[in-house]
Amino acid sequence: MHHLRSTSAVVRFRFAALLWLVICLLAPVAAGLLVQSVLADNFGLTLAGAGLAVVGVGLFIAQWAAGARTDCPLCWTPVLAPKACMKHRRAKTFLGSHRLRVALAILFQNQFRCPYCNESTALELPNSLHRPPNRWAQLD
Ligand SMILES: [Zn+2]
């Protein structure tokens, strides 16, 4: 199992995964509100649906920026960004989405399996990076 190299990378992976999960939940709600508002001819629902859609677009841009720097430590392909690269033949999906499966695994299992190289990565630092800050002082 591979590991990420820094604490900031772990935070970046979790942030991008959380944004992608919120977008996946927000998009159907906004679309449903807009369709319901058209069917019910309710201007208040139209405003709510349009507001959620605008928030969703903003979150999508933020996720696009954060997801571009979520590189797999083995193959260096961003796992939470849209890529047209070929996926591994054994890569699994969740509801037809590789990115949603990776996001859910990051948030709930603290690890993910890269859809491009099919290697698993833990969202924790390797043991070699857990050194005390003043280890040279302990040698004296
Ligand atoms: Zn990979």
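The model is predicted. Start with the parts list. The protein has four helices and three strands. Along the sequence they come in the pattern β-α-α-α-β-β-α.

Next, consider the overall dimensions. The C-alpha trace spans about 75 × 40 × 20 Å along its principal axes. How does the radius of gyration of the protein compare with that of a compact globule of 140 residues? Such a globule would have a radius near 14 Å, but the protein has 19 Å. Of its 140 residues, 18% count as buried. Take the contacts between residues at least 6 apart in sequence: 59% of them join residues at least 24 apart.

Now turn to the helices. Helix α1 covers residues 7–40. It has 34 residues, and its first and last C-alpha atoms lie 49 Å apart. That is close to the 50 Å expected at 1.5 Å a residue. D41 follows α1, and its phi is positive, near 55 degrees.

Helix α2 takes up residues 43–67.

Which residues of α1 and α2 are buried? In α1 they are F13, A16, A17, L19, W20 and L33. In α2 they are G49, Q63, A66 and G67. The buried residues of α2 pack against α1.

The largest nonpolar core has 15 residues. Within it, A16, A17 and L80 touch the most other members. Helices α1 and α3 (98–109) each supply at least two residues of this core. The largest share, five residues, comes from α1.

Set aside residues up to four places away in sequence. L80 then touches A16, A17, W20, G67, T70, R99, V102 and A103. Three of these, A16, A17 and W20, are among the buried residues of α1. G67 is one of the buried residues of α2.

Move on to α3, where L104 lies. Is L104 buried or partly exposed? It counts as partly exposed, because it has 18 C-beta neighbours inside 10 Å, whereas a buried residue needs 20 or more. Leaving aside neighbours within four places in sequence, L104 is in contact with L21 and F94. L104 and R14 are 90 residues apart along the chain, yet their C-alpha atoms are separated by 9.8 Å.

The sheet comes last. Strands of a sheet pair through backbone hydrogen bonds, either parallel or antiparallel. Here the three strands form an open sheet in the order β1-β3-β2, with mixed pairing. Which strands lie at the edges? They are β1 (2–3) and β2 (111–113), and each pairs on one side only. Strand β3, residues 120–122, pairs with β2 in the antiparallel sense over three bridges. One detail can be picked out here: Q111 has A122 of β3 as its bridge partner.

Methods
Residues are numbered from 1 along each chain as its sequence is written. This is a predicted model: local features need pLDDT of at least 70, side-chain atom pairs count only at pLDDT 80 or more; totals for chains, interfaces and linings use all residues. The expected span of a helix is 1.5 Å times one less than its number of residues. A residue is buried if 20 or more other C-beta atoms lie within 10 Å of its own, exposed if 12 or fewer, and partly exposed in between; C-beta atoms are placed from the backbone. Two residues are in contact if their C-beta atoms, placed from the backbone, lie within 7 Å. A nonpolar core is a set of buried Ala, Val, Leu, Ile, Met, Phe, Trp, Tyr and Cys residues joined through C-beta atoms within 7 Å. The radius of gyration is taken over C-alpha atoms; the globule rule is 2.2 Å times the number of residues to the power 0.38. Two strands pair if DSSP finds at least two bridges between them.
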